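We'll go from stop to stop, and at each one you get something to select and something to look for.

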Amino acid sequence: MERKVVKVVMAKLGLDIHWRGVVAVSRLLRDAGMEVVYLGNQFPEAIVNAAIQEGADVVGLSTLGGNHAVLGPKVVQLLREKGMDDVMVIMGGVIPEEDIPALKAAGIVEVFGPETAIDEIVACINANVRQVG
Amino acid sequence: MTKLFNEAAIRQTAKETERWRKETLQDKGGSGSYTTESGIPIELLYTPEALAGMEYNRDIGYPGEPPFVRGIYPNMYRGRLFTVRQLAGFGAPEDCNRRIRFLLDNGATGVNIVFDLPTIRGYNSDDPEAEGNVGQCGVAVDSLEDMEALFAGVPIDQVSVSLVTHLPSVTVVLLSMYMVMAEKRGIPFAKLAGTTQNDFLMETTVGSGPEILPPQASFRLQCDAIEYAARHLPRWNPVSYNGYNLREAGTNAVQEVAVAIANAIATAEELIRRGLPIDAFARRMSFFWDLCNDFFEEIAKCRASRKVFYEVMKNRFNALDERSCLMRFHVQTAGITLTKIEPLNNIARSAIQGLAAILGGAQSLHIDSYDEAYSAPTEQAALVSLRTQQILQAETNVVNTVDPLAGSYYVEYLTKEMANRIWGYIQEIEQRGGLIQAVESGWMHREISNYAYQQQKDIESGKRKIVGVNYMRSGQATQGNIEVFRYPETEGRQKAKLASLRERRNNDIVTASLAVLREKCRSRENLIPYVVEAVKANATLGEIEEVFRQEFGLWQFPLA
């Protein structure tokens, strides 16, 4: 069976200004064969709307700005409200360890810290993404 | 003029080096390719050959004299030690005020304030865009009253204060608040010493955001602040050309310096067009460098940057006042080099980078804290950074002689090479129509993105080693036992203060002052006096920024 490629929508969360990591990860996911759309800075509503429009399988949120605890779960919640429970949400950035359990409890599949290898992110997506194709 | 080494001596050295290579080194020179972080080839050994053709007075000279390679002051740190300027910024202004006083009480000699993302991107704490970010990664400042709370009890007529304002649009507001606060305390503007960052690249290139002013508008506001300071704030550095964040976003050391100097060139051209002579403003331009791990290259960068800036001011703008030609710079150690794994290793990294800053002749220094891959620094981590500075100043003896690496064949070679490459990149920017055009076209963004991507690939492949991460990684690579810095709920407190302010202030005066500001945005007048009036009327930061957004429009960040 031919398998369509995984589609990832990546966003810089809210007002966070540090775009280096999200752009590097976006390009590396593309190198790994995924289709990646980088939205730039967006708030949860716009991220969810873009995910719907793009038919995203994965939403990647990047923040080094401390807004993960409030805005991360909000993205998951808005996706659920739109019936998009099967879209996988992952996060990356500078996020304190002790905040991660709450993010996972809110439905974020994985939270990646600064030294994550791209293979780890790719493996996590492949293991958890919905059936594509 | 005499050369450091005459031609006969160079020929003799070349011959001897060849002999040494055959007889003594033999095949032990290593077969790998060695380069600095920015790609300058590194030889196994440097000899006087590397300095062939160099003239001491012309190319290196004396500290406090052109071309200022050895430093901008004749006595450097014997005259005045570099300012210990540790960043502080979190929570509400009242919380941050306590950290400022903690640092000053423990021997910090300057203040350095970072603001939270809503403030830095021009929103009030109660704007919807601010949700989840109030008081995170910086202090929230919404109004003149917040600025006054931030500096309560801080002697701003004696301590120099750096406001890390990032964007020009935010600079004009926060600087106005600072001036109005001083006026209310009866402190004359002539006594205000400090720095605002005020770099249009922070608004349009280095930091991304959901709503961004067009490069031309941001650049205009940058120049407004510099022009105003030239006329009214004799001890204020109205701009800190921010190589630091550019480097952190993704450039090498050459690009970092070249882009910052290209911005200084663009500014000088604009202010001359506005009728100011170069000597009226250039001496208050300041710079901000990021010192990463390539120890000698970073030192060479600092030395070379002074020379290039001198040449720009002297030869291109015909500055007569020598102070116009002095590149003064602040250094922050490289946040990008700090790891989350084994965080205490970061103390070693930061200390080495701090040492490079001193050997490079920095005017002020912030040393990063070991826990910055976790959160804003805890008080304990901030104290280790402060103590690292004090150890460098008091225990190592490195501050007691000027530019001690001068004359090192390697460091002088690298300094010359860095200067050439910085000039080369400045020329490339000018060939693209100048810096503003290079930003508008998205070229600058692509340069950064490509570098960041390549560097990440080099980390992934192991070509670029990071101890504890992809090199010497321990079996149980732990994240250490780092306490995360938390502060009391800020958003609610800031919102309550804003509500109260809107009750108490005269809203008619606020509306009128904002209307005047709106009108003036359409003129070519300097906007600072009108921002000052709005601030005096207790208009909030977000209200003033909204005027800018509406009048100047928004620009599409070319990476979205």
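**First stop: the sheet in chain A**

Select A:Val59 and A:Val89: A:Val59 stands opposite A:Val89, which sits in β4(A). Before you go on, bear in mind that this is a predicted model.

Now widen the selection to the two strands around that pair. β3(A) and β4(A), the latter covering residues 88-93, run parallel and are paired over 6 bridges.

Next, bring in helix α1(A). The helix packs on the sheet and touches β1, β2, β3 and β4 of chain A. Compare its direction with that of β2(A) and you'll find an angle of about 165 degrees.

What is the order of its 5 strands? Reading across, it goes β2-β1-β3-β4-β5, in an open sheet with parallel pairing. At the edges stand β2 and β5 (110-112) of chain A; each has a single partner strand, so one side of each is left without a neighbour in the sheet.

**Second stop: strand β1 of chain A**

Select residues 7-13 of chain A, which make up β1(A). Is this strand mostly covered or mostly open? Mostly covered: 6 of its 7 residues are buried.

β1(A) has a strand to look at on either hand in that order, β2 and β3. Take β2(A) to begin with, residues 35-42: 6 bridges join it to β1(A), and the two run parallel.

Finally, trace the chain from β1(A) through α1(A), residues 20-31, to β2(A): together they make a right-handed β-α-β unit.

**Third stop: where the chains meet**

Show both chains. The contact takes 32 residues from chain A and 32 residues from chain B. On chain B, select α5 (117-120), α10 (243-250) and α17 (443-461): each supplies at least two residues of the side that touches chain A. Which of the elements gives the most to that side? That's α17(B), with 5 residues. Colour the chain B side by residue class and you get 15 nonpolar, 12 polar and 5 charged residues.

Chain B has 21 helices and 10 strands. Its radius of gyration is 24 Å, close to the 24 Å that the globule rule gives for 560 residues, so chain B is as compact as a globular protein of that length. Its C-alpha atoms fill a box of roughly 85 × 60 × 45 Å along the principal axes. Colour by burial, and buried residues come to 51% of the 560.

Click on B:His330 and then on its bridge partner, B:Ser364.

Most residues other than glycine have a negative phi, and most peptide bonds are trans. Select B:Pro66 and B:Pro67: the peptide bond joining them is cis, with omega about 0 degrees. B:Pro67 is in the loop between α2 (56-60) and α3 (76-79) of chain B.

Then go to B:Gln26, in the loop between α1 (7-25) and α2 of chain B. B:Gln26 is not a glycine, yet its phi is positive, at about 55 degrees. Finish at B:Asn198, between β5 (194-196) and α8 (200-206) of chain B, where phi is also positive, about 55 degrees. Which of these is buried, and which exposed? B:Gln26 is exposed, with 9 other C-beta atoms within 10 Å, whereas B:Asn198 counts as buried, with 33 C-beta neighbours inside 10 Å.

Key. Residues numbered from 1 in each chain as written. Chains lettered and ligands numbered in written order. Predicted model: local features only at pLDDT ≥ 70, side-chain atom pairs only at ≥ 80, totals over all residues. Buried ≥ 20, exposed ≤ 12 C-beta atoms within 10 Å, placed from the backbone. Helix = DSSP H or I, 4+ residues; strand = E, 2+ residues; numbered from the N terminus. Pairing = 2+ DSSP bridges. Right-handed = clockwise from strand over helix to strand, strands pointing away. Rg over C-alpha atoms; globule rule 2.2 N^0.38 Å. Contact = placed C-beta atoms within 7 Å. Nonpolar A, V, L, I, M, F, W, Y, C, P; charged D, E, K, R; others polar. Axes fitted to C-alpha atoms, helices over the stretch in contact; angles between N-to-C directions.
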